[in-house]
Amino acid sequence: MFQFPKGFLWGAATASYQIEGAWNEDGKGESIWDRFSHTPGMVQDGDTGDVACDHYHRWREDVALMKDLGLNAYRFSTAWARILPEGRGRVNPAGIDFYSRLVDALLEAKIEPWITLYHWDLPQALQDKGGWTERAVVDAFLEYTDTVTRALGDRVKNWITLNEPWVSAFVGYEMGRHAPGHTSRDEAIAAAHHLLLAHGKAVPLIRANCANANAGVTLNLSPQEPASPSLADKKAAAWFDGYINRWFLDPLAARGYPQDMVNSFGNKMEFIQPGDMDAIAAPVDFVGVNYYMRGVIRADNVSEEENEPRSVFRGDEETEMGWEVYPKGLYNTLGRLHFEYGFPAIYITENGAAFADTVTDGQVDDPARLSYIKRHLEMVSRAINAGMPVKGYFVWSLLDNFEWGFGFSKRFGIVYVDYKTQKRTVKSSGRWYSRFIREMTV
Ligand code: FCB
């Protein structure tokens with residue numbers, strides 16, 4: 001039933017703010033997520049990433065855990081403010097050392113490091129100057145990229161510039177549910193442009209600093225399907241597809257911003273300067289896709305004001321996030337990236353599910369998560385058989401962790417974390433994944 005090529009990557013993913021803790025240790029600067037989570041009312045139950053999984057102190061144990069599980073790749077992000085506490089200028093050597101030791105330990109354990117340079121934790125000092133809405137942030141990102149790739153590029157080959165720029169821009173600057181908590185669509189559109197530009201300009205820099213670099217970007221992609229064949233529903237679904245998927249895919253594929261969306265947004269796009277669109281379309285080695293669910297859109301259930309895709313129909317199954325379980329959407333997304341956009345290689349950089357786990361007699365039995373992962377892997381296997389260039393799969397997440405606005409209330413790990421004791425317990429999904437990897441790699 002399952003077929004995966006030799007050399008396929010089997011990984012797990014995390015992100016700095018969600019697991020590290022040590023928010024103000026060893027010279028780390030404040031990030032927008034520190035500021036946001038410390039602001040009352042922004043995160044459920046007042047949770048913060050101050051300690052999180054304490055990975056900053058427990059990384060050796062976590063690398064050993066990955067080795068036991070048999071992973072051959074690990075995707076993590078570097079915290080910009082740990083490396084450049086003010087966003088640019090002064091480098092914090094302790095920050096570099098932390099990631100350098102982690103990289104060495106991973107290589108020693110035969111686990112390929114995959115670094116995401118930006119997984120949402122912008123230094124607060126840059127936010128104070130306008131954050132992603134200001135063009136100057138692009139140069140700051142390049143300075144940061146240069147610093148990290150010079151320090152680690154002798155050992156790290158795989159680089160993801162950004163994680164989910166749609167979320168950074170629109171959830172952070174338009175919906176206000178993520179840091180920095182702003183509520184302006186025009187700000188979000190400018191932020192999206194500067195994120196894309198930062199990505200595009202970073203790609204050649206990564207290549208210059210690392211021999212044989214494998215450089216790309218990770219997008220949250222989600223098919224937006226009409227709830228009925230009516231013209232109104234089709235139009236509404238096309239709008240959400242433009243908003244979430246095409247606004248990023250099109251410029252990356254050198255097609256410019258989708259005109260239907262430019263018209264709908266009514267933004268003059270005055271922040272675009274000559275050469276920007278070419279820079280954004282710098283050829284990538286791969287696109288990373290984070291896939292969780294689809295959207296099913298009904299015209300009369302969509303408010304463009306609210307700017308959120310509201311699915312009307314949920315299948316028989318949903319996760320603790322209220323997200324529909326729909327594995328076929330992953331297959332369709334991979335097909336689109338390959339057949340419609342022609343990206344050279346695709347990695348699934350996140351896929352997974354939150355369920356309410358409980359510990360019983362020291363065991364965490366999570367059949368729903370196991371089944372979610374297994375059914376999505378079936379789709380990956382089918383996609384590969386159909387000729388799609390899928391090269392690796394990273395489960396989200398290695399550990400239960402700080403789930404942004406939901407704090408610690410949502411558990412995505414294949415490893416359970418007891419936040420009081422920091423004890424890690426491999427869930428049955430994790431044990432299954434581990435066996436599966438071994439079977440697929442013999
Ligand atoms: C993605 C994020 C990741 C995690 C999962 C559940 O959007 O990239 O950090 O929160 O969702």
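The model is a predicted one, with local features needing pLDDT of at least 70 and side-chain atom pairs counting only at pLDDT 80 or more, while totals for chains, interfaces and linings use all residues. Residues are numbered from 1 along each chain as its sequence is written, and side-chain values use heavy atoms, leaving out hydrogens and water.

The chain holds 15 helices and 14 strands (DSSP runs numbered from the N terminus: H or I of at least four residues for helices, E of at least two for strands). Its C-alpha trace spans about 55 × 50 × 45 Å along the principal axes. Among contacts (heavy atoms within 4.5 Å) between residues at least 6 apart in sequence, 77% join residues at least 24 apart.

Now for the helix pair. Helix 14 (residues 367-385) packs against helix 15 (residues 428-440) at an angle of about 30 degrees, with the axes 8 Å apart. That makes the two helices roughly parallel (angles under 35 degrees). Helix 14 brings Arg-369, Leu-370, Ile-373, Lys-374 and Leu-377 to the contact, and helix 15 brings Ser-428, Ser-429, Trp-432, Tyr-433 and Phe-436.

How values were computed
Axes are lines fitted to C-alpha atoms, for helices over the stretch in contact, and angles run from 0 to 180 degrees between N-to-C directions. Angles under 35 degrees count as roughly parallel, over 145 as roughly antiparallel, 65 to 115 as roughly perpendicular and the rest as oblique.
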